[in-house]
Amino acid sequence: MIRSLPTLTASVVCAVTLLTGGPAAAQETVPQTPPSATSLTLDEAVARATGDSEEVQLARSQVSLADAQVTAARSQALPQISGTLGYTRTFESSFGGDGGFSFPDSLRFSPDSTAALPDRVRYLETNGPNAAFEALGGLFSDLPFGQEHVYQGTITASQLLYAGGRVGSALDIARRYRSAARLQLAEESAEIEFQVRQAYYQALLARELASGAAEALAQADDFLAEERLRLEAGTASDLDVLRAEVSRDNLRPQLVQADNAADLALLNLKRLVDLPLTAPVELATPLAPPTAGEAARGRIDAGELSQTRAAVAAAREQVEIRNSAVGVARSSFLPEVRASMSYGRQLLPSGIFEFDGSWRTDWTAGVTVSVPIFNGGQRFADLQVAQAELDQARIQLAQLEEVVQLEYEQALAERERALEAIAARETTVEAAQRVHDLTVLQYEQGQATQLEVSQARLELLDARTNLAQAIADFHVADAELDRALVAAGETR
């Protein structure tokens, strides 16, 4: 009798199990060590983001593009030299024959030297004018018209002598565009640094809130355990235990919410610093109150801010670019003068690979003046567009100066508010901690209720949360203040 496949498979598995010493020996599990967490300080996060960020790389590519545009603009003022080398094979030509001219018989001049003297004189008197045509045909018979093989090499050079200032304006535009690109790189680097610092402190704040929620839940668990012991000792009621359970269970959703917020904040930080989202990260910089040196910071003048801010300097470069664009538009009304020279050599061999003949030389030079006369009003329209763009750039510069000043004032005011909040919250945390400790002590002595203990615990948690929030607000405002003060030409 043949066994079915499931029965045979089960028998083989049992045999292998018995031979290898049982299930534990058949499948030995190797413990996997979890990957170690990457320690990341604030300075390391900023350096990583500003060095490898895609936004910064894009701004750097704009600088490289601007460098190339400067080179392209400068090339217009330099000589333009080009060379050509070619071969031409003529299969059939309108000039016909072997390259010479063909005259009708009535225009040919071919006197008979053997004829009698009177006949030769009569022929000369009759056909004398045809001698000029015959000589002309012999003169042009060796020219390249209709030649079967032609080799030709030419070097051509041209130099722009005058273009109404167009080349100089274009070069000035390219240089200022390069300067604006570098300023934009400084702005982009400062923006990335601000985002990283903000995300870092938000992650620290979320971790602090999650830690506080976990501590509150642990205290509630301990309090519940004490209530159960009291119930067993007969000093507490079922209602007291039930209240402790409700108070403990109300803290669990808060802990879950705080943990989720901490995870999301850390994921956002990983995204900014280009770390794998699944990689464990340990934030090494603590969420600490500012020191006296960090808290002390002077105010700068609005005029000084507009002079040093990279974004304002870039906007000024845009104004100058538009001004030079007006010059380019005006130059289109002026003539253009260009000098050129061409040097060529030509060989007319009878065979394709016969190079022993004489090379003909063709060397010319000239000056060309191009004068614009009428193009339907396009030049006037271009000039009006350039002037309008210049006016827009000036208005945008004025608006940006106001925005930069407002940004600085807001960051400074938020920083001062956070400093005052930190001082107030520190006092509140100390008072809330003392109230909590005293309330617990009174409860143990029977002088306070369970609700009073829960209220004291909640007030302590709120005080700690508010202090952590104020500290995070200060560091974020400080980062925003640094963002507002990014200096022109500074690349981070």
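Trainee: Leaving aside neighbours within four places in sequence, which residues is His436 in contact with?

Mentor: Contact means heavy atoms within 4.5 Å. With neighbours within four places in sequence set aside, His436 is in contact with Gln219, Ala456, Arg457 and Leu460. Keep in mind that this is a predicted model, where local features need pLDDT of at least 70, side-chain atom pairs count only at pLDDT 80 or more, and totals for chains, interfaces and linings use all residues. Residues are numbered from 1 along each chain as its sequence is written, and side-chain values use heavy atoms, with hydrogens and water left out.

Trainee: Where is His436 found, and is His436 buried or exposed?

Mentor: His436 is found in helix H12; helices (H or I, at least four residues) and strands (E, at least two) are DSSP runs, numbered from the N terminus. His436 has a relative accessible area of 9%, so it is buried (under 20% is buried, over 50% exposed, partly exposed in between, with a 1.4 Å probe and protein chains only).

Trainee: How do I read the packing of two helices?

Mentor: Two packed helices are described by the angle between their axes and the distance between the axes. Take H11 and helix H12 (residues 378-444): their axes are 8 Å apart, at an angle of about 170° (axes are lines fitted to C-alpha atoms, for helices over the stretch in contact, and angles run from 0 to 180 degrees between N-to-C directions). That makes H11 roughly antiparallel to H12 (over 145 degrees; under 35 is roughly parallel, 65 to 115 roughly perpendicular, the rest oblique).

Trainee: Which residues make the contact of H11 with H12?

Mentor: Among them are Ala311, Val312 and Arg316 of H11, and Asp382, Leu383 and Leu397 of H12. By class, this contact has 14 nonpolar, three polar and seven charged residues (Ala, Val, Leu, Ile, Met, Phe, Trp, Tyr, Cys and Pro are nonpolar, Asp, Glu, Lys and Arg charged, the others, Gly among them, polar).

Trainee: At what angle do the axes of H7 and H11 cross?

Mentor: Helix H7 (residues 166-233) and helix H11 (residues 310-331) cross at roughly 165°, their axes coming within 8 Å. H7 and H11 are therefore roughly antiparallel. Their contact divides into 13 nonpolar, six polar and six charged residues.

Trainee: And what is the strand order in the open sheet?

Mentor: Four strands pair antiparallel in the order E2-E3-E5-E6 (strands pair if DSSP finds at least two bridges between them). Strand E2 (80-89) and strand E6 (360-370) each have a single partner strand, so one side of each is left without a neighbour in the sheet. Between strand E3 (residues 149-162) and strand E5 (residues 336-347) there are eleven bridges, and the bridge partner of Gln152 in E5 is Gln346.
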